[in-house]
Amino acid sequence: MNPSPSSSSAQVHKGLEGITVSETRLSDVDGARCQLIYRGYSIDELVGKASYEEVSYLLLCGHLPTRQELQEWNAELASHRALEPEVLQAMSSLPLANNPMAYLRTVISLMGLRDPAAEQLDPPILRQQAIHLIAKTPTLIATFERLRRKRPMLGPRPTLSHAANFLYMLHGDDPSPSQTSALDAYFVLLAEHGFNASTFAARTTVATQSDLYSGIVAAIATLKGPLHGAANTKAMEMLMEIGAVEQVEPYVQKTLSDHKRFMGFGHRVYKGEDPRAKHLKRVAQELAGLNRAEARWFEISERLQEAVWKAKKLSINVDFYSASLLYYLGVPVDLFTPMFACARMAGWSAHILEQLADNRLIRPLALYVGPRDSTFVPLDQRPATPTT
């Protein structure tokens, strides 16, 4: 017989830290060795070699695609990228001044409402819904930006890749190969990351046999928080507050004296540097070299990385160099977290399919620490006003 969760012998693991709740074949976040593996492949083996399209196929289908499979996968993604007129009309009617993540969460929910197969949990249908969302999310984000800037709408082009299409729809110009490869690397590096908060929220949601769209909406709502996806926005705001390389040291000293956090540093799982960070740093440095007028953002980042390590021995995480990378690509700062969601859509979808393939309702226990044996007092015998 299992002990009662209210037993004094029960051990509480706040935030489920150190608790293994399930098995997965999707990724291994190895905190001790600071490694990240997607279905057997180290992230070091994939970034700069495999496109986001290949990685999304790997996550959903279990293996890297053959040339024919990739050609068919690319065609399938291309066929889903455009937004339906009804979705565009609905997007135009929504408030555009609110948090972009709240906007994205609402539009994804609307898409689920419009899908007649949304409640069906058959694997082929779930796969089609996943492709639908992976393909459309960059279009949603770019369209939101053009709507709020009152710019003409641009649809996707079938000849452009996932990353290139987003940059084209956002800016209206064909991106350079360097810009495209930079965003593609970002998408690959953030495509999947184990049972993080948003992924766990998605799995918990669909474990009730709710639909895929509800799982994605739960993931977006979770990613929206500053302790998860919004940390990349906070990291760029920190760089902008510093403003110049010579201001790094005064900023570090003031932050230490005020007992505040350095955004983009430290990680819940990795005991050292986030394995994605070195790749993001390299890409950000390459973009800085192509944009010397704005090179200071990388220079501030590099100096800050050194200063914080010297002061606190804190390693950088995925958010730190993501900030300057996205900024160099002309992505507005408040769209950094939606960009995270855009990349993670493949991982979330793959986790939802994996959860439903071998499902069990997720229902943890809690240790009750409130009072016991309270006696009910009738209303007419209670004090007329609150007692202090």
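Contact here means that heavy atoms lie within 4.5 Å of one another, and the term is used in this sense in the legends below, which describe a predicted model.

Figure 1. The relative accessible area of V217 is 18%, and because buried means under 20%, V217 counts as buried. Y57 lies 160 residues from V217 in sequence, and the C-alpha atoms of V217 and Y57 are 22 Å apart in space.

Figure 2. Apart from neighbours within four places in sequence, the residues in contact with T233 are V333, F336 and T337.

**Figure 3. L183 in the largest nonpolar core.** This core has 113 residues, and the members that touch the most other members are L183, Y186 and L304. Helix α16, which runs over residues 336-357, supplies the largest share of the core, namely 13 residues. When neighbours within four places in sequence are left aside, L183 is in contact with A163, F166, L167, L326, L329 and M339.

**Figure 4. The open sheet of three strands.** The strands follow the order β1-β2-β3, and their pairing is antiparallel. Strands β1 (27-30) and β3 (41-42) stand at the edges and have a single partner strand each, so one side of each is left without a neighbour in the sheet. Four bridges join β1 to β2, a strand of residues 35-38, and these two strands run antiparallel. D30 has Q35 in β2 as its bridge partner.

**Figure 5. The whole protein chain, as a setting for the close-up views.** The protein chain has 16 helices and three strands, and its C-alpha trace spans about 75 × 55 × 45 Å along its principal axes. A compact globule of 388 residues would have a radius of gyration near 21 Å, and the 23 Å of the protein chain agrees with this. Of the 388 residues, 48% count as buried, while the accessible surface of the chain comes to about 19600 Å², of which 52% belongs to carbon and sulfur atoms. Among contacts between residues at least 6 apart in sequence, 75% join residues that are at least 24 apart.

Technical notes:
Residues are numbered from 1 along each chain as its sequence is written. This is a predicted model: local features need pLDDT of at least 70, side-chain atom pairs count only at pLDDT 80 or more; totals for chains, interfaces and linings use all residues. Side-chain values use heavy atoms; hydrogens and water are left out. A nonpolar core is a set of buried Ala, Val, Leu, Ile, Met, Phe, Trp, Tyr and Cys residues joined through side-chain atoms within 4.5 Å. Buried means under 20% relative accessible area, exposed over 50%, partly exposed in between (1.4 Å probe, protein chains only). Two strands pair if DSSP finds at least two bridges between them. The radius of gyration is taken over C-alpha atoms; the globule rule is 2.2 Å times the number of residues to the power 0.38. Accessible areas come from the Shrake-Rupley method with a 1.4 Å probe; for residues, only the protein chains shown count as cover.
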